[in-house]
Amino acid sequence: MATTTTNPKDRTLLAVIGDEDSVTGLLLAGIGDVDKNQKKNFLIVDAKTQTSVIESAFQDFTERKDVAILLINQHVAERIRPTVDRYQAAFPALLEIPSKEHPYDPAKDSVLKRVQKLRGD
Amino acid sequence: MSGTGPREAIFPTRMNLTLTKGRLKGAQTGHSLLAKKRDALTTRFRTILRKVDEAKRLMGRVLQLASFSLAEVTYTAGDISYQVQESVKRASYTVQARQENVSGVVLPAFDGIRSKDASDFNLTGLSRGGQQIQKCRDTYVKAVGTLVELASLQTAFTILDEVIRATNRRVNAIEHVVIPRLDNTIKYINSELDEMDREEFFRLKKVQGKKKRDAEKANDERGKQNAEFTGKGGELHRDEGIGGGDAGGADMLDEGKDDDVIF
């Protein structure tokens with residue numbers, strides 16, 4: 001239960017790691033936030049983005065104390081799959097979302113995999 | 001008997017027996033309570049499981065719609081992504097955690113909050129496509145609402161999963177480790193006490209036998225000494241008690257009974 005030690009009430013932000021379109025749309029909805037240190041709560045990934053950059057952003061967002069939900073494009077999650085699958089903590093909640101070019105594949109989702117396993121089908 | 005299985009390292013006394021019995025009762029109560037808790041959690045877990053599955057599939061469709069509306073925007077207003085990214089200041093869409101209690105387990109749930117001054121991108125699309133952008137924004141707000149809902153479900157799922165595992169571990173530990181151990185301890189104490197009882201009984205028997213044997217021996221010894229003494233011409237005096245001796249014991253009142261007097 002080490003994951004629930006920090007107060008979930010302090011977590012108010014949503015963070016995004018995704019391609020340009022997904023991030024733009026979500027920012028349009030108003031989830032974007034730039035804090036005092038010019039730290040953004042979103043990362044735009046394209047084909048040229050290094051995997052290590054994604055990894056470090058993932059680590060950064062999961063360790064931030066003000067992030068409640070971390071959204072990540074499924075095709076981006078696929079690139080750092082071992083890290084994503086290893087992530088088991090309750091906070092921030094990790095959500096894999098589909099992107100425009102990559103339709104949603106439930107079979108790849110780390111949570112849905114567990115759901116499927118538990119339901120036994 | 002007492003050597004089977006692990007047991008508590010205590011002395012086999014009656015007090016410890018009572019104590020252990022109390023602990024066994026406590027363990028059994030705890031076991032049934034935990035089993036109930038597990039059942040309640042599992043019921044809840046199954047509901048959430050189904051909802052997560054549904055919501056995940058729904059999310060796919062919602063985001064597809066949102067992507068379409070963004071494509072429309074790009075078509076009418078051109079690429080706005082740079083503008084949008086640069087005008088980000090503070091989040092206008094935030095979430096607030098609320099807590100729900102399921103048999104002592106705190107499940108957080110998120111509520112999306114959209115602040116009133118959600119007008120960060122007022123200038124975007126001023127030249128053209130403003131309406132599309134407005135529409136797109138609404139679609140995305142709705143999509144984010146779905147995502148937030150899904151996130152709360154998923155968080156509940158993760159936490160419940162963890163708690164159910166812990167509860168299961170405890171139930172199994174009590175069932176397969178604690179209760180057998182206490183059972184063994186009780187059996188051990190009982191057998192030890194029984195053995196002590198038997199030992200005590202045997203000891204008493206032994207003592208009795210020894211006393212009897214000693215008494216017989218002393219009697220024989222005396223008889224021999226007496227015989228020796230009388231053989232040398234001594235006179236034997238016995239303590240014959242009141243009215244003693246072989247002749248003694250007659251009823252004084254019966255002696256010399258008068259005849260009945262008849263007038």
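**Close-up views of a predicted two-chain model**

**View 1. The open sheet of chain A.** Four strands of chain A line up in the order β2-β1-β3-β4, pairing in parallel to form an open sheet. Look at the two edges: β2 (42-44) and β4 (93-97) of chain A sit there, and each of them pairs on one side only. Ignoring direction, neighbouring strands of this sheet are turned by 20° against each other on average. Keep in mind as you explore that this is a predicted model.

**View 2. Strands β1 and β3 of chain A, side by side.** How many bridges join strand β1 to strand β3 of chain A? There are five, linking residues 13-18 of β1 with residues 67-73 of β3, and the two strands run parallel.

**View 3. Where chain B and chain A meet.** The size of an interface is often given as the accessible area lost when the parts come together. For chain B and chain A, about 4,300 Å² is buried between them, and 68% of this area is on carbon and sulfur atoms. Chain B brings 48 residues to the contact and chain A brings 50 residues. Across this interface there are zero salt bridges by the rule used, while three residue pairs are found in polar contact, both residues at pLDDT 80 or more. On the side of chain B that touches chain A, the elements giving two or more residues are α1, α2 (81-86), β1 (93-102), β2 (105-114) and α3 of chain B. The largest share of that side comes from α3(B), with 18 residues.

View 4. A polar atom of its side chain lies 2.6 Å from the backbone oxygen of B:Ala151. Leaving aside neighbours within four places in sequence, B:Thr155 is in contact with A:Ala90, A:Phe91 and A:Ala93, as well as with B:Pro108 and B:Phe110.

**View 5. B:Ala9, in the segment before α1 of chain B.** B:Ala9 lies before α1 (14-77) of chain B. With a relative accessible area of 82%, B:Ala9 is exposed. Now find B:Thr185, which is 176 residues away along the chain: the C-alpha atoms of B:Ala9 and B:Thr185 are separated by 8.4 Å.

How values were computed: Residues numbered from 1 in each chain as written. Chains lettered and ligands numbered in written order. Predicted model: local features only at pLDDT ≥ 70, side-chain atom pairs only at ≥ 80, totals over all residues. Heavy atoms only, no water. Pairing = 2+ DSSP bridges. Axes fitted to C-alpha atoms, helices over the stretch in contact; angles between N-to-C directions. Buried < 20%, exposed > 50% of the residue type's maximum accessible area, 1.4 Å probe, protein only. Polar contact = N/O pair within 3.5 Å; in protein donor to acceptor, adjacent residues only side chain to side chain. Contact = heavy atoms within 4.5 Å. Buried area = accessible area lost by both parts, 1.4 Å probe. Salt bridge = Lys/Arg side-chain N within 4 Å of Asp/Glu carboxyl O.
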